Amino acid sequence: MKLVWILMVLAVPTLAHAQSYQCSPPSGLSAPAERKPASEPRRVKPVTGYTLALSWSPEFCRMRKDSRRDATQCSGDDGSFGFILHGLWPDAGGPAYPQWCAPTKALPPVVVKRNFCMMPTTRLMAHEWAKHGTCMAKRPETYFRVSRIMFDAVRFPDMDRLSRKPLTAGQFRNAFAAVNEGLQPNMLRLKINQRGWLQDVKICLGKNFRPRRCPAGMRWVKEDKPVKIWRGA
């Protein structure tokens, strides 16, 4: 497999902006440290691979246009978003993945601003660094740099075209894989809500950050299940 998956961003630096339109980080952004919930255990385990989780923002924002909590992502004031990064998650060969590996401090403002158009909610940034990033890196700059490289390497299918015809989960996986060299449908998992709308796309990665077949125990959506794509109002 070619290194294009990891290094594509060096050759095509504008890919990161393909999923955000007129994105402009607002001034005064901050991401306070997030503490581990008492109900969740701290798990420090050897990392065997990763999951790149991508969230389809139009569906997330469908009922949140007027939500103050989600204003930076959903109000339209700071940009319009397609796929955003939900997170880069370390895996450990089973359901008990590494998490909350170390306490954190508030994210540096430069990190927040640099990654806003990829992850347009500071609450999510703080959560992903605290829960997942601390199990991968000692510094948030490193975690978000790797996350940004992986996000920038993804090419996205024509979601507008796909949304306008009957679609199954298998057909969507095929369409997504077809525009990414080295990616096969069995390296993808989808999350579809109870109403049948696409929420997330997860790409399974090996320890070397290259796409791999998703683990057999990872939850998946049957090939023939209908899936709808919300384009936004």
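**Figure 1. Cysteine 74 and its disulfide partner in the predicted model.** Cysteine 74 is buried, with a relative accessible area of 2%. In this predicted model, cysteine 74 is joined by a disulfide to cysteine 61, with an S to S distance of 2.1 Å. The pair links distant parts of the chain, 13 residues apart: cysteine 61 belongs to the loop between helix H2 (57-60) and helix H3 (71-74), and cysteine 74 to helix H3. The torsion about their S-S bond is about -70°, so this disulfide is left-handed. Cysteine 61 likewise counts as buried, at 3% relative accessibility.

**Figure 2. The disulfide of cysteine 23 and cysteine 117.** The sulfur atoms of cysteine 23 and cysteine 117 lie 2.0 Å apart and form a disulfide. Cysteine 23 is in the loop between strand E1 (20-21) and strand E2 (49-56), and cysteine 117 is in the loop between helix H4 (109-115) and helix H5 (122-131); the pair therefore ties together parts that are 94 residues apart in sequence. The link is left-handed, with -95° about the S-S bond. Cysteine 23 is buried at 19% relative accessibility, and cysteine 117 is buried with a relative accessible area of 19%.

**Figure 3. The disulfide of cysteine 101 and cysteine 135.** Cysteine 101 is joined to cysteine 135 by a disulfide (S to S 2.0 Å). Because cysteine 101 lies in the loop between strand E4 (83-91) and H4, and cysteine 135 in the loop between H5 and helix H6 (140-153), the pair ties together parts 34 residues apart in sequence. With 100° about the S-S bond, this link is right-handed. Cysteine 101 counts as buried at 10% relative accessibility, as does cysteine 135 at 14%.

Notes
Residues are numbered from 1 along each chain as its sequence is written. This is a predicted model: local features need pLDDT of at least 70, side-chain atom pairs count only at pLDDT 80 or more; totals for chains, interfaces and linings use all residues. Side-chain values use heavy atoms; hydrogens and water are left out. A disulfide is a pair of cysteine sulfur atoms within 2.5 Å. Helices (H or I, at least four residues) and strands (E, at least two) are DSSP runs, numbered from the N terminus. Buried means under 20% relative accessible area, exposed over 50%, partly exposed in between (1.4 Å probe, protein chains only).
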